[in-house]
Amino acid sequence: MYKQFFADMEWTALPLFALGLFLAMFALMLLRTFAWKTKQDFEPMEQLPLSDGRPVNNRREVTP
Amino acid sequence: MSQRIERIEYDDGIVRKFMFASILFGTVGLIVGVLIASQLAWHQLNFGIPYLTFSRLRPLHTNAVIFAFVGNMMFAGVYYSTQRLLKTRMANDLLSSIHFWGWQLIIVAAAVTLPLGLTTGKEYAELEWPIDIAIAVIWVVFAINFFWTLAKRNEKHLYVAIWFYIATIVTVAVLHIVNSLALPLSPMKSYSVFAGVQDALVQWWYGHNAVAFFLTTPILGIMYYFLPKAAERPVYSYRLSIVHFWSLVFMYIWAGPHHLLYTALPDWAQSLGMIFSLMLWAPSWGGMLNGLLTLRGAWNKVREEPVLKFFVAGVTFYGMSTFEGPLLSIKSVSALAHYTDWIVGHAHGGALGWNGLMAAGMFYWMAPRLWNKPLHSKKAADAHFWIATIGIILYMVSMWISGVNQGLMWQAQNADGTLTYTSFTETLLAIRPMYIVRALGGTLYLTGFVLMIWNLLKTVSGAQATNTTVEVTVEDKPAEEPGVGPLTVIAGRPLWFSTIGLVFTLVFFLVDSAALAIGLSVAVLVVGEVAYVINKKERASGKPSWFGLVERRPFAFTVLVLLSVLVGGIAELLPTILVKQAVPEAGHAQKPYTALELQGRDVYQREGCYLCHSQMVRPMLHEYLRYGEASRAEEFIYDHPFQWGSKRTGPDLHRIGGRYPNLWHYTHLMDPRSTSPGSNMPTYQWLAEWTYDTKLAGPRLAVMQKLGVPYTNADIDAAEANQKKQANTIVVDLAKNGVKANWNSDIVALIAYLQRLGRDQGVALTEDVPPTAANAVPQVGGGR
């Protein structure tokens, strides 16, 4: 099948076709990702760097 | 599910150690960088000392910056953020210590061996086999400690930074082990098991992904942790970070061949490399924008907070580099830019801008927290930022101008079709002012770095190093959901559906019927729809998403990362490794190097000639006019390792064999400017004095025989005698011109190798006898 598919395609067009295919897929993937109505799924994760524990006052000094 | 409060003391000592090591070796790397940049402008700065020549110091510079400066910085960031993101101390302090001291020993070993000329001759992988083994062992120690920490964590979710660290650990291990496969000749000399085209592809698969998985992914992890911390707000889009991560790790691995455009690499591999490089634009910029947009509503902080200045500029340089990289990967752009200083400017935009500024931002963030004392001077940090930024701009702009100038001058032809600039040194003299500006830019960057050291020293002086202790709320591990184990996750629906999709794609390439193909396409759509419906139903019933299950399972996650990475590697490397079977007819015409030529090849690698001279004539008219016939894949089948090079500070050497008499080479090596006025090449006078171990001739051939080079046992037995015999023909020829040389001197071996280059069968210049003053081929157009 691929022979028929590529039969009328010039070699120079193939990379451009692949690039176009990728961009379309990437755009679809982005759409899909941002269309998730599940932002709450990720909220706990995106807060992780901001909630890495309550510092305790008695920081232990260590020998350098 | 119950909760409890747990008190955790982080191991910040290991972070301080790595930070200190990074700053120390960063200083060394930058000083050496400024020195070698100056050497290109003023050749006298090579001082005629072997250990201080550009070609030996350049690997020291790249290794120091990549593995010592960025490596230690990366480890500091990983150890700091991993403990906090997983709410646990590193699993084992002893492993952390072994990792730290082992890595520093490796760096010291590199700093000693590289100036001594102990090298594999492969860019960014120059370290010899015992050090390579040590790297693998220490990397495994790091990996055990890291994954052990993941196993004992107190946080069920794995934050995106941890994903990037996992990808780094797994992929660097694969890259390092495959590219370092070599057969030892002696305790400090080995030969790559790959040859020619295969070696080139493996090397740049490694080389490009060293940039990707050593200089990029861990720093992206650091960005995703430290930028939200400094901005005091979560990352702009966590969902975008998921897309960023998976598309980046999958695509990066394919992009290596863009370093080999217009070479003897098969065209399909070149095109594949180019296309995936262009694709990388999308995820890279997705990541950059995700970083910058994290500051939405907080841009005023950038004005006041030096840490954010460094992060914002670092991420911006990441965006610039990842725009320029794909641009340079387009074949027509590469035709102009490859081998020129443009590539050097591009690499330094990433190293100085992305890595260097992110490192500085991280150090300024961590030091006050690791020593519990405010930063000594924000003004000094601001000054560092501006000095460094101006330095980078000077560096990059000068290299752009220099590179484009070089490329255009090499290509320039007169109306009658001859080269406009016949002598290579004409281009060298034209770009010299830019080399001076580059050295100035590097010096400014170093000055900023020294200012940072002063600022950090003042910050920590009088302060006591402290370990941070925190109280965290820990959830007792919930019972596994029924039917959801690691295996379930790996074999989950998304993977099954992906596999079915891949199978259909393969069938597309195998079947020869349009109707069947259309049917298969419809089937793929149906499968996708079914996947969507099932997923929607399960989510509606309250079950976690498949991704939600995966992201909290390190093992499953690591397996998926490994698969994503291996697909590209196998798809590109395997056909090229098997290509040996496809070129036997042409390959049989190649003659292996003689014992003396192989010895000369070792000298060529030891002195780092490949760092300034390519051995790859591209199929372009101007290259034909300057150098001769284009290089072909089969000409390199016995090259363990390949020596194609990546930069032309000097001219290409693949067709140098037979162009000049032995005397010319001797004179050129002793004093390059006597034969090539305007050259910036160092003198290599010690080559006439140094002698080599002649007894290694046989063992060297035996190693090559094991690697598949068709030497007979008789060749090996006679290697030492043949070596002397061939050397004497050169010695006699030199003597006729009044030059006395020892037959076993390095210079004679190197001349034998240079005279052999590009003289295999099928090449127009083929001569079986070594050229002498009498039979030298006159130079046509291609001035050196």
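This is a predicted model: local features need pLDDT of at least 70, side-chain atom pairs count only at pLDDT 80 or more; totals for chains, interfaces and linings use all residues.
Of the 64 residues in chain A, 23% count as buried. The chain exposes about 4,700 Å², and carbon and sulfur atoms supply 65% of that area.

Strands pair through backbone hydrogen bonds, either parallel or antiparallel. Here, three strands make up an open sheet in the order β1(A)-β5(B)-β1(B), with antiparallel pairing. Because β1 (54–55) of chain A and β1 (3–9) of chain B each have a single partner strand, both stand at the edges, and one side of each is left without a neighbour in the sheet. Two bridges connect β1(A) with strand β5 (residues 469–475) of chain B. Within this pairing, A:Arg54 stands opposite B:Glu471 in β5(B).

Turning to the interface as a whole, the contact draws 54 residues from chain B and 40 residues from chain A. The size of an interface is often given as the accessible area lost when the parts come together. For chain B and chain A, the buried area is about 4,200 Å², of which carbon and sulfur atoms give 65%. On the chain B side, helix α8 (residues 238–252) provides the largest share of the surface touching chain A, with seven residues. Across this interface the rule finds zero salt bridges, while two residue pairs are in polar contact, both at pLDDT 80 or more.

Methods
Residues are numbered from 1 along each chain as its sequence is written. Chains are lettered from A and ligands numbered from 1 in the order in which they are written. Side-chain values use heavy atoms; hydrogens and water are left out. Two strands pair if DSSP finds at least two bridges between them. Helices (H or I, at least four residues) and strands (E, at least two) are DSSP runs, numbered from the N terminus. Buried means under 20% relative accessible area, exposed over 50%, partly exposed in between (1.4 Å probe, protein chains only). Accessible areas come from the Shrake-Rupley method with a 1.4 Å probe; for residues, only the protein chains shown count as cover. Contact means heavy atoms within 4.5 Å. Buried area is the accessible area (1.4 Å probe) that two parts lose on being put together, summed over both. A salt bridge is a side-chain nitrogen of Lys or Arg within 4 Å of a carboxyl oxygen of Asp or Glu. A polar contact is a pair of N or O atoms within 3.5 Å; within protein, one must be able to donate a hydrogen and the other to accept it, and residues adjacent in sequence count only if both atoms are side-chain atoms.
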